[in-house]
Amino acid sequence: YDLISEMLHMAQVKKGDVVYDLGCGDGRMLVLAAQKYGTRGVGFEIDPDMVRAARYNAAKNKVENLVKIVQADIYTVDIREASVIPVYLLPEMNLKLLPQFETLRKGSRLVFHHYDLQGYIPDQVKEVISNEDNAKHTLYLYTTPLKRAQ
C-alpha cells in the first residue's frame, strides 16, 4: 500500500477532502484515505464482483460511513464533487476522462500513477521505489485548472 499512501500524500489530502477513485477495484485507496485522513470517498467500479469486494473492504475496515462504492461506467459519472482523484489507469483512458477532469473545481488535485496526462504540464513528478515490488514507479501531480503544454 506504500504507493497509494504516497499518492495521497503527494495530493496533500486532508480531512475536508472528497476523494474519488475511478475504477476503484477493491476500494483500498478509499479505505486508506478514510482511515488515515478521515476523508469521505466515492469509488466507481463497473465489475459487480469488485463492487462487492470494495463494499466488504470498507465494512471490514469500519469506514463504510465514509466510503461509498457505486457500480458505474467511469466515463459517465459526474466527478465535480471530488477534490482529490488518484488515477491508476492507462494513458488512453486518462485522455478519455479529460472532459470530466475539466469539470473539477479550481484547486482539485489529480495524482496519476505511471502515466502522465499527455499534453498537460504536471505540478510535480516524483519517482518512488515501492516496497511491494521493489520497482520504480513515477507519480504525476496536477492541480486544476490543468495547464496545457504549448
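Guide: Here helices (H or I, at least four residues) and strands (E, at least two) are DSSP runs, numbered from the N terminus. This is a predicted model, in which local features need pLDDT of at least 70 and side-chain atom pairs count only at pLDDT 80 or more, while totals for chains, interfaces and linings use all residues. Residues are numbered from 1 along each chain as its sequence is written, and side-chain values use heavy atoms, with hydrogens and water left out.

Visitor: Where does Lys 62 lie?

Guide: Lys 62 belongs to the loop between helix H3 (48-60) and strand S3 (67-71).

Visitor: What makes Lys 62 exposed?

Guide: The relative accessible area of Lys 62 is 68%. Exposed means over 50%, buried under 20%, and partly exposed in between (1.4 Å probe, protein chains only). The value of 68% is over 50%, so Lys 62 is exposed.

Visitor: What is the phi of Lys 62?

Guide: Phi is positive, about 55°, although Lys 62 is not a glycine. Asn 134, again not a glycine, has a positive phi of about 60°.

Visitor: Why does Asn 134 count as exposed?

Guide: Its relative accessibility is 66%, which is over 50%, so Asn 134 counts as exposed. Asn 134 is found in the loop between strand S6 (124-129) and S7.

Visitor: And why does Gly 16 count as exposed?

Guide: For Gly 16 the relative accessibility is 72%, again over 50%, so the label is exposed. Gly 16 sits in the loop between H1 and strand S1 (18-22). In sequence Gly 16 and Leu 141 are 125 residues apart, and their C-alpha atoms are 19 Å apart in space.

Visitor: What makes Ser 108 buried?

Guide: Ser 108 has a relative accessible area of 3%, which is under 20%, so Ser 108 is buried. Ser 108 lies in the loop between H5 and S5.

Visitor: What does the side chain of Ser 108 reach?

Guide: It reaches the backbone oxygen of Ala 82, at 3.4 Å. A polar contact is a pair of N or O atoms within 3.5 Å; within protein, one must be able to donate a hydrogen and the other to accept it, and residues adjacent in sequence count only if both atoms are side-chain atoms.

Visitor: With which side chain does the side chain of His 137 make a polar contact?

Guide: With the side chain of His 113, at 2.9 Å. This value is also within 3.5 Å. His 137 lies in strand S7, and at 10% relative accessibility His 137 counts as buried, because 10% is under 20%.

Visitor: Why does Asn 57 count as buried?

Guide: The relative accessibility of Asn 57 is 10%, under 20%, so buried applies. Asn 57 is found in helix H3. Asn 57 and Asn 131 are 74 residues apart in sequence, with 22 Å between their C-alpha atoms.

Visitor: How many aromatic pairs does the structure hold?

Guide: Three. Rings of Phe, Tyr and Trp (its six-membered ring) pair if their centres lie within 6.5 Å; planes under 30 degrees apart count as stacked, over 60 as edge-to-face and the rest as tilted.

Visitor: Why is the pair of Phe 101 and Phe 112 called edge-to-face?

Guide: The ring centres of Phe 101 and Phe 112 are 5.8 Å apart, within 6.5 Å, and the planes stand at 90°, over 60, so the pair is edge-to-face. Phe 101 lies in helix H5 (residues 98-101) and Phe 112 in strand S5 (residues 109-113), so the pair ties together parts 11 residues apart in sequence. Both Phe 101 and Phe 112 are buried.

Visitor: What makes the aromatic pair of Phe 112 and Tyr 142 edge-to-face?

Guide: The centre to centre distance is 5.3 Å and the angle between the planes is 85°. The distance is within 6.5 Å and the angle over 60, so edge-to-face applies again. Phe 112 in strand S5 and Tyr 142 in strand S7 (residues 136-143) are 30 residues apart, and the pair links these distant parts of the chain. Tyr 142 is buried, as is Phe 112.

Visitor: Which residues form one aromatic cluster?

Guide: Phe 101, Phe 112 and Tyr 142.

Visitor: How do you know that Lys 96 lies over the face of Tyr 75?

Guide: Lys 96 is at 4.1 Å from the ring centre of Tyr 75. A charge sits over a ring if NZ of Lys or CZ of Arg is within 6 Å of the ring centre and within 35 degrees of the ring normal. The 4.1 Å value is within 6 Å.

Visitor: What joins Thr 144 and Pro 145?

Guide: A cis peptide bond, with omega about 0°. Pro 145 is found in the segment after S7.
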